[in-house]
Amino acid sequence: MNDENARGLQPVNPLLQHDSHIGGFALSLAAVLYVFVGFVLGIVILAAGIEEGSDAYLYLNYLAAPVAMTVAMSVTLKYKKFPVKRAFPVKCHPKYYLIALLLIFGLIFSVSWVDTGVTEFLKLLGYVPKGRDAYLPNLSGGLVVPALLVIALMPAIFEEGLFRGVILNSCKDGVGTVRTVFIVGFAFSLFHASAEQTVYQFLAGCVFAFVAIRSGSILPSVIMHFINNALIVIFAACGLLDASGNLIVSSGGEIALIVTSAVSFIGGMVWLVLDKKSVIKCRKGAVKSFFIFASVGIAIMGVMWILSFFVR
């Protein structure tokens, strides 16, 4: 038997039998690069004498994740030979954009209230939540434009590219529909390393993933993500958020928003569930493959999540 035939009969590494290892690799690489880029930016901030909490400080910190994700996605696609069109599908039926609007309205005005409950619970344990000023730069006048670009548009593109693009589309065929939704939601939430927003970000991440799988496109979730972040910036610029970041609204208006948005959310979810698309089943070993390759990223972001309880 010649060497070529012998190589053809060699057993394939079971961890590489499913493309889910590509998603795990991308997550770990993004986490490593996020820490590295953050370290470099920290040096720049110190060297330039940029004051903590200033607009320059906030904007530089917002740039760390997009830079890390861009490099991680580029390296993953090239090194793992994962097709760009498969990672970032864009075509879908127009109805999914309507579903996306129904769901994001529901997420923002009904589901997001879970953050308040989580924050109050954490405060009982001694946690001190960050105020709105810890996240948002000066939004007066035309300054709202760069804020929308960096806080809303860039995350919508790069975070969706990583989580609902590379990770989701490398996992769904092997991991299956249901498990992929929860894995992507978990990874999305953990990557943000925010104690008080963990539950909402997990739920939002799962919903974004479900929309992406059902639509077969990354664009509806990109729009949902942009609207979610953009409304926060716009509300703050218009003085509609209190110091804690909660929407300032009358009790009657609050009830109306919660009820209508809850109906919108339920309607959107039912529409997706009843969508005539088959549910992909999980293949043996696919979940294990993802988590083994994602273990470095999970460990890094897990530590950062724990530190978010203590670092102000």
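Modeller: What follows is a walk through the salt bridges and the parts around them.

This is a predicted model, where local features need pLDDT of at least 70, side-chain atom pairs count only at pLDDT 80 or more, and totals for chains, interfaces and linings use all residues. Residues are numbered from 1 along each chain as its sequence is written, and side-chain values use heavy atoms, without hydrogens and water.

Start with the charged pairs. A search of the whole structure turns up 5 salt bridges. Such a bridge puts a side-chain nitrogen of Lys or Arg within 4 Å of a carboxyl oxygen of Asp or Glu. Take R86 and D19: their closest N and O atoms are 2.8 Å apart. R86 sits in helix α4, while D19 lies in the loop between α1 (3-8) and α2, so this pair ties together parts 67 residues apart in sequence. Helices here are DSSP runs (H or I, at least four residues), numbered from the N terminus.

R86 is partly exposed, at 31% relative accessible area. D19 is partly exposed too, at 29%.

D173 belongs to helix α7 and R86 to helix α4, so the pair ties together parts 87 residues apart in sequence. D173 is partly exposed, with 33% relative accessible area.

K123 bridges to E120, with 3.4 Å between the closest N and O atoms. Both lie in helix α6 (residues 114-124), 3 residues apart, which is about one turn of the helix. K123 counts as partly exposed at 40%, and E120 does at 42%. Back at R86, shared partners join D19, R86 and D173 into one network of salt bridges.

S20 is in helix α2. It is buried, with a relative accessible area of 1%. Beyond its neighbours within four places in sequence, S20 is in contact (heavy atoms within 4.5 Å) with S170, C171, V175, A286, S289 and F290.

One of those partners, C171, is a cysteine worth a look. C171 is buried, at 1% relative accessible area. Its sulfur is 10 Å from the closest cysteine sulfur, in C282, and that is too far for a bond. C282 is likewise in no disulfide. A disulfide needs two cysteine sulfur atoms within 2.5 Å, and the structure holds 0 of them. C282 is partly exposed, at 30% relative accessibility.

The largest core has 73 residues, and L27, L107, F163 and M224 touch the most other members. Helix α7 (residues 144-175) gives the most to this core, 12 residues. L107 has contacts beyond four places in sequence, among them Y200, F208, M224 and F265.

K81 is not a glycine, yet its phi is positive, about 55°. K81 is exposed, with a relative accessible area of 70%.

Terms used. Core = buried A, V, L, I, M, F, W, Y, C linked by side-chain atoms within 4.5 Å. Buried < 20%, exposed > 50% of the residue type's maximum accessible area, 1.4 Å probe, protein only. Helix = DSSP H or I, 4+ residues; strand = E, 2+ residues; numbered from the N terminus.
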